[in-house]
Amino acid sequence: MLALGLSVLARMLWMLLSDNGMNLVDLHVYVDGSASVGTDRLYDFTYAEKTPDFPLPFTYPPFAAFVFYPLHFLPFTMVAIGWLLATVAALYGVVWITLEMILGRERLREPAWRVAPIAWTAVGVWLEPVRTTIDYGQVNVFLVLGAMLAVRSSRWWISGGLVGVIAGIKLTPAITGLYFLARRRWGAAMFAAVAFGLTVGISYLLNDHEARRYFGTLLGDADRIGPVGSVWNQSLRGTISRILGHDVETGPVWICAVLVVAALAFAAWRSLGPDDRLGTLLLVQVFGLMVSPISWSHHWVWLLPLVLWLLYGPLREAPGARILAGYWLVTTLIGVPWVLSFFQPTIWEISRPGVLAWLGAVNVAGVLALLVWVIVSGRRARAAIPEAERADVA
């Protein structure tokens, strides 16, 4: 508890005392942009006070603006501090559910494990995806917690409802629907689509003009979200574009890469044990991060549950598990995209020296290694199960 308290205190002091600690540019977009939700100018809003080279627009669905709308009535400093504390609390929830899915509820309450969620939350605060989420005032940790709560619940209407609502706030969590399909939770998958549809319907009901703009013309416009080639974009499209020196867009090169990743992810999923719900969820989420046109480094909060799964999950004894966990811990504690960002000429210029382009593939390379490792290790583990036990599991 002391370690977590010191981590939170250090982050808060950094926020309050450093020159750039209160940048929180995305939180400004949420708060200031949502104030325009009742007008026809929601998607004309930009925030440029801290980002003059790229005025930040409101890029989320209209439903998100309705969710954020009450925040603009409060002093921004109060919102910022509350956002930090709520983010840490949500991160603790993510760690707790992750360990609960691995160890079981009863074992997690044993004295030997009781401190683990606190300790890992204290570490997680300093991993780059969480660190930059806090720096920008982003919503990522809340979305990860929502997805994990959805998976944790056995009630189809809670699971589907949560995923539908968080997808209505930000589209990327919709990939969690693949988890429901993989686990044959048909009711949850269908209700997730229904709940998301309701958020769209509410958007049209409350602001038809901006809903038509977003779902009619703005949806899918990656250039509006940000510079695809920036090293902060750790998706397949961003990585391949930097290596080739131009935006590959969603052309043949990107399609081929997506098909390769999809095949590896499917094979990795088939190699998991039948009861490995967390492993399935993590494969779905890293697949989503890879194929999304833009996956900023702060979107990769799922790497913390992934590290815990590698260290404590069913494949923890497989050769290479600790190496992969160490890879993600080292690269996220250092913040490789953050380091490389000092060497890119501008966020807009895609072409760069080869060494920088290949170092910028840190997340994509790690995911590809992970998928191959899961395929090999999972199949070995399943082959080691006695034939009678495999028949019972089947």
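Tutor: One term to begin with: a contact means heavy atoms within 4.5 Å. Also keep in mind that this is a predicted model.

Student: OK. What does Ala268 touch, leaving out residues up to four places away in sequence?
Tutor: Ala268 touches Leu283, Leu371, Val374 and Ile375.

Student: Where is Ala268, and is it buried or exposed?
Tutor: Ala268 is in helix H16, residues 252–271. Its relative accessibility is 0%, so Ala268 counts as buried.

Student: How far apart are the C-alpha atoms of Ala268 and Leu283?
Tutor: They are separated by 7.8 Å. Along the chain, the two are 15 residues apart.

Student: Which residues of H22 are buried?
Tutor: Among them are Leu371, Val374 and Ile375. Leu370 and Trp373 are buried in H22 too.

Student: Why does the length of H22 make sense?
Tutor: H22 has 23 residues, 362–384, which should span 33 Å at 1.5 Å a residue. Its end C-alpha atoms are 33 Å apart, so the two agree.

Student: Switching to the largest nonpolar core. Which residues touch the most other members?
Tutor: The core has 110 residues, and Leu27, Phe58, Phe68, Met148, Trp309, Leu310 and Trp373 touch the most other members. Helix H4, residues 76–103, supplies the largest share, 16 residues.

Student: What does Leu310 touch?
Tutor: Not counting residues up to four places away in sequence, its contacts include Trp328, Leu370 and Trp373.

Student: And the surface? Which residues form a nonpolar patch there?
Tutor: Tyr69, Phe73, Leu74 and Met78 do, with about 410 Å² of accessible area together. Phe73 is in the loop between helix H3 and H4. Phe73 has a relative accessible area of 56%, so it is exposed.

Student: How many salt bridges are there?
Tutor: The structure holds six salt bridges. In one of them, Arg213 pairs with Asp44, with the closest N and O atoms 3.1 Å apart. Arg213 lies in helix H13 and Asp44 in the loop between helix H2 and strand S1, so the pair ties together parts 169 residues apart in sequence.

Student: What other salt bridge does Arg213 make?
Tutor: Arg213 also meets Glu210, at 3.3 Å from N to O. Both lie in helix H13, three residues apart, about one turn of the helix.

Student: Is Glu210 buried or exposed?
Tutor: Glu210 is at 0% relative accessibility, so it counts as buried. Arg213, at 21%, counts as partly exposed.

Technical notes:
Residues are numbered from 1 along each chain as its sequence is written. This is a predicted model: local features need pLDDT of at least 70, side-chain atom pairs count only at pLDDT 80 or more; totals for chains, interfaces and linings use all residues. Side-chain values use heavy atoms; hydrogens and water are left out. A nonpolar core is a set of buried Ala, Val, Leu, Ile, Met, Phe, Trp, Tyr and Cys residues joined through side-chain atoms within 4.5 Å. Buried means under 20% relative accessible area, exposed over 50%, partly exposed in between (1.4 Å probe, protein chains only). Helices (H or I, at least four residues) and strands (E, at least two) are DSSP runs, numbered from the N terminus. The expected span of a helix is 1.5 Å times one less than its number of residues. Patches are made of residues with over 30% relative accessible area and no salt bridge: like charges are joined within 9 Å, nonpolar side chains (Val, Leu, Ile, Met, Phe, Trp, Tyr) within 5 Å. Accessible areas come from the Shrake-Rupley method with a 1.4 Å probe; for residues, only the protein chains shown count as cover. A salt bridge is a side-chain nitrogen of Lys or Arg within 4 Å of a carboxyl oxygen of Asp or Glu.
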